[in-house]
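Work through the exercises below with the sequence and the coordinates at hand. Each task is followed by a solution in steps.

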Amino acid sequence: MIAVSALADQKPGQLLPNDVPGAVAAGAGIYQAQCAGCHGADLGGEPDWRQPKESGRMPAPPHDETGHTWHHPDIQLFMLTKYGVAAVVGDGYESDMPGFEDVLTDREILQVLAYIKNSWPDGIIARHDQINAAAAQQVQ
């Protein structure tokens, strides 16, 4: 099971402790060290992130409100980060996004994702909370 889900205030489907200031602060540092090189120090992603690179792989998307990160429930964001995009998508999909399972703990992954979510405007956070709740309903 995913460690630290108890840090969040447990809205339906919520895993990210974006409502825990210490977790968000820790996530900011981890993000800068592990993620900013591709996704940008400002969460802005790579240029032309919707167009494949010459390699055929997609550029790193932004994690701010202009990207699609908030369109995915917490559990999917966690799995993509822990195992990598190619492993989660399957079917031979190739991605430059590695899995971080051997680099970061579950707690650290959730802190990074909490930092990202905490950067979104309140309206986007509310929509993301609805996405989490819908995903939680599908599991029941």
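The model is predicted, so local features need pLDDT of at least 70 and side-chain atom pairs count only at pLDDT 80 or more, while totals for chains, interfaces and linings use all residues. Residues are numbered from 1 along each chain as its sequence is written, and side-chain values use heavy atoms, with hydrogens and water left out.

**Exercise 1.** Describe how helices α3 and α5 pack.

Step 1. Helices are DSSP runs of H or I with at least four residues, numbered from the N terminus. Here α3 spans residues 74-83 and α5 spans residues 106-118.

Step 2. The angle is about 120°, and the axes are 10 Å apart.

Step 3. Angles under 35 degrees count as roughly parallel, over 145 as roughly antiparallel, 65 to 115 as roughly perpendicular and the rest as oblique. Therefore α3 is oblique to α5.

Step 4. List the residues in contact (heavy atoms within 4.5 Å). From α3 these are Asp74, Leu77, Phe78, Thr81 and Lys82; α5 supplies Asp106, Ile109, Leu110, Leu113 and Lys117.

Step 5. Sort them into nonpolar (Ala, Val, Leu, Ile, Met, Phe, Trp, Tyr, Cys and Pro), charged (Asp, Glu, Lys and Arg) and polar (the others, Gly among them). The contact has 5 nonpolar, 1 polar and 4 charged residues.

**Exercise 2.** Which residues of α3 are buried, and what covers them?

Step 1. Buried means under 20% relative accessible area, exposed over 50%, and partly exposed in between, with a 1.4 Å probe and protein chains only. Asp74, Leu77, Phe78, Leu80, Thr81 and Lys82 are the buried residues of α3.

Step 2. The cover includes α4 (85-89), α5 and α6 (122-139).

Step 3. Just after α3, Gly84 has a positive phi of about 95°.

**Exercise 3.** Where is Ile125, and what does Ile125 touch?

Step 1. Ile125 is in helix α6 and is buried, at 14% relative accessible area.

Step 2. Not counting residues up to four places away in sequence, Ile125 touches Asn18, Lys117 and Trp120.

Step 3. Glu65 is 60 residues from Ile125 along the chain, and their C-alpha atoms are 9.3 Å apart.

How values were computed: Axes are lines fitted to C-alpha atoms, for helices over the stretch in contact, and angles run from 0 to 180 degrees between N-to-C directions. Helices (H or I, at least four residues) and strands (E, at least two) are DSSP runs, numbered from the N terminus.
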